[in-house]
Amino acid sequence: QVQLVESGGGLVQAGGSLRLSCAASGRTFSSYAMGWVRQPPGKEREFVAAISRGGRNTNYADSVKGRFTISRDSTKNTEYLQMNSLKPEDTAVYYCAATFRSSWYVVYSAMNEYDYWGQGTQVTVSS
């Protein structure tokens, strides 16, 4: 089992920045690939970003490319999502996710590929 706990959400003005954190526990941190997914109000969940087990490979939704950066720190068992140049349309509940995979390099961009989810953290961007 893996437990994922997000933090760092809040209210920010358009153009501002936030950094989300996802603290993981329960199994060896390097044994799973990770990602971020968000759910805007009244909409379906959507993929945001993903990072491989080793942290070398990443993938982003087109809507956040160039503005968001995903990373992971194995010394802290924590995944991060640095969000810059935030827009009102980034308003959503953000969830971190993990999946146990053998590949050290593959990133997973489909939500049904993830096995574990955090409880979510609210991000609100005002215009």
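Me: Which handedness does the link of Cys22 and Cys96 have?
Reply: This is a predicted model, and in it a disulfide joins Cys22 to Cys96, with the sulfur atoms 2.0 Å apart. The turn about the S-S bond is 45°. The link of Cys22 and Cys96 is therefore described by that angle as right-handed.

Me: Are Cys22 and Cys96 buried or exposed?
Reply: A residue counts as buried when its relative accessible area is under 20%. Cys22 has a value of 0%, and Cys96 likewise has a value of 0%. Because each value falls under that cut-off, Cys22 is buried and Cys96 is buried.

Me: Which residues of the largest nonpolar core touch the most other members?
Reply: This core has 35 residues, and the elements that give two or more residues to it are β3 (18–25), β4 (32–39), β5, β7, β8, β9 and β11 (121–126). One of the residues in question is Met83, whose contacts beyond its neighbours within four places in sequence include Leu18, Leu20, Phe68, Tyr94 and Val123. The residues that touch the most other members are Leu4, Trp36, Leu81, Met83 and Tyr94.

Me: Which residues are linked in a network of salt bridges?
Reply: The structure has 4 salt bridges by count. In one of them Glu46 pairs with Arg38, with the closest N and O atoms 2.6 Å apart, and in another the side chains of Asp90 and Arg67 meet at 2.7 Å, N to O. The network is made up of Arg38, Glu46, Arg67 and Asp90.

Me: How many residues apart are Asp90 and Arg67, whose pair links distant parts of the chain?
Reply: The side chains of Asp90 and Arg67 meet in a salt bridge. Asp90 is in the loop between β8 (78–83) and β9 (92–100), whereas Arg67 is in the loop between β6 and β7 (68–73), and the separation of the two is 23 residues.

Me: What kind of aromatic pair do Phe100 and Tyr116 form?
Reply: There are 4 aromatic pairs in the structure, and one of them joins Phe29 and Tyr32, with 5.7 Å centre to centre and 80° between the planes. For Phe100 and Tyr116, the ring centres are 5.6 Å apart and the planes stand at 85°. Because planes over 60 degrees apart count as edge-to-face, the pair of Phe100 and Tyr116 is edge-to-face.

Me: Over which ring does the charged end of Arg72 sit?
Reply: Ring pairs link Phe29, Tyr32, Phe100 and Tyr116 into a cluster. The charged end of Arg72 lies 4.4 Å from the centre of one of these rings, and that ring belongs to Phe29.

Me: What is the relative accessible area of Ser52?
Reply: Ser52 is found in the loop between β5 (46–51) and β6 (58–60). Beyond its neighbours within four places in sequence, Ser52 is in contact with residues including Ala33, Asn57, Arg72 and Trp104. Ser52 is buried, and its relative accessible area is 0%.

Definitions and conventions. Residues numbered from 1 in each chain as written. Predicted model: local features only at pLDDT ≥ 70, side-chain atom pairs only at ≥ 80, totals over all residues. Heavy atoms only, no water. Helix = DSSP H or I, 4+ residues; strand = E, 2+ residues; numbered from the N terminus. Buried < 20%, exposed > 50% of the residue type's maximum accessible area, 1.4 Å probe, protein only. Contact = heavy atoms within 4.5 Å. Core = buried A, V, L, I, M, F, W, Y, C linked by side-chain atoms within 4.5 Å. Phe/Tyr/Trp six-rings, centres within 6.5 Å; stacked < 30°, edge-to-face > 60°. Lys NZ or Arg CZ within 6 Å of the ring centre and 35° of its normal. Disulfide = S-S within 2.5 Å.
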